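User: Could you take me through one part of this structure up close? I am new to this, so please go step by step.

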Amino acid sequence: MTRHPLVFQVLRPAFPALLSVLAIISLAGCDSRNAFVPPPPPKVTVATPTVGPVIEYMEFTGTIAPVESVDITARVTGVLRTAQFRDGAMVRKGDPLFLIEPEPFQAALQRAEAELEVQRAALDRAETELARSRKLLSEKAGSEADVVRWQQQRDSSKAGISRAGAQIETARIDLGYTRIAAPFDGQMTRRLVDPGNVVGPGAVTRLATIVRRDQVHVYFNINERDLLRLMGHTSQDNKAGKAGAPPELPLELALADEETFPHAGKLEYADPTVDPSTGTLLLRGIFPNTGGRLVPGLYARIRVAMGRRDAALLVPERALGQDQSGSYVMVVNAQNVAEQRPLKLGALQDGYRVVEKGLEAGDRVVVNGMQRARPGSTVDPVTADAAAPGAGQGGKGGGKGDGKGDGKPAARPAG
């Protein structure tokens, strides 16, 4: 590149002054500092715990079973003539279900009745001849052997009459087995054998099954800890407390698609001993099934009322967190600093959890924005009125109660 001589001559006197200005600017830049401005504290929503009356429950998972279920079987061997019901139909007690060909059994009954008449005739003749031989023996005109022979014939005829009577009764019973009727009101399954097949104890025996539908049983297990708690509760209501729950203990049931517990029943049975291999006790409840919605084989949720608490402390379940030590909430203190507070939890109530220990009524609990509230950090709390229990939403915190085993604590507002 070629320098222009005229331009160089003009700029050369200004170089020292230009260098001085650049040095001053450079020094001024070195003296300035980068000032750090901290970000504002994160906003979180806080609310004080709700205080109010609740009814506490214990919840279990059970299986619905029929109160009565009977396999319809063939008691005699023969050809199945007709099936007198529609598959899946509701039947009444005494309704005809199946007919096995009755003619062979009718003939057997007639044969037994005829044998009875033969034995009666033989008895009449034996008694007549016995009286005649005795008279001849008394007149020295007959032998004692004839008397003994007719006595034996008379006794044999009496035994024959008894045998014929038993044969008649057996034949009548077998004839009755050819007509199979419903043992109780219930619903039939599909028929398992078509007419024309030979059925009986030596062939196909099971023809169908009838299930009672107006009531159902529900079987569920309770662990030792919950059993002792339930026994303590029932002993307060029943001074003559028994080893186990009383038969009249009310139960409530909900199916998988039901949020409430619309089905009311009662405890009907409890095993007399705890199974040592599982540490649980088998219980059985009975529930009316008027609408037929309680289908045997379905799983169901069972709950038992444990009592009322007038001043329970509740927090939304969405405000709960979990770590290795258990459940906790984030609490904002008077200096707006977040603190992690471990809790002892109790019953669950429609998205709210009863707090047994760890909170006071005036504590400000973070209900939204927990992930932004780190322990020891300052937050900007915004107060929100806690919704009434029953309107809360279950959160991802998913805090669990301190109860373990099959029983799950639950609660609802006291009515």
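Analyst: Happy to! Before we talk about bridge partners, here is a definition: two strands count as paired if DSSP finds at least two bridges between them. Keep in mind that this is a predicted model.

Let's look closely at strand E4, which covers residues 78-83. Which strands does E4 pair with? One is strand E6, residues 96-100: the two are antiparallel and share three bridges. Among the residues involved, Ala83 has Phe98 in E6 as its bridge partner. E4 also pairs with strand E9, residues 198-199, again in the antiparallel sense, this time through two bridges. Here you can find Val79 opposite Val198 of E9. As you follow a strand with your eye, remember that in a regular strand the side chains alternate between the two faces of the sheet.

Now for some surroundings. Arg213 sits in the loop that links strand E10 (206-211) and strand E11 (215-223). Is Arg213 buried or exposed? Arg213 is buried, yet it forms no salt bridge. A salt bridge would need a side-chain nitrogen of Lys or Arg within 4 Å of a carboxyl oxygen of Asp or Glu, but the nearest side chain of opposite charge, Asp214, is 8.2 Å away from Arg213. Leaving aside residues up to four places away in sequence, Arg213 touches several residues, including Met90, Gln187, Asn289 and Pro296.

Gln152 is exposed, with a relative accessible area of 54%. Its C-alpha atom lies 8.5 Å from that of Ala126, although Gln152 and Ala126 are 26 residues apart along the chain.

How values were computed
Residues numbered from 1 in each chain as written. Predicted model: local features only at pLDDT ≥ 70, side-chain atom pairs only at ≥ 80, totals over all residues. Heavy atoms only, no water. Buried < 20%, exposed > 50% of the residue type's maximum accessible area, 1.4 Å probe, protein only. Helix = DSSP H or I, 4+ residues; strand = E, 2+ residues; numbered from the N terminus. Lys, Arg positive; Asp, Glu negative; His and termini not counted. Contact = heavy atoms within 4.5 Å.
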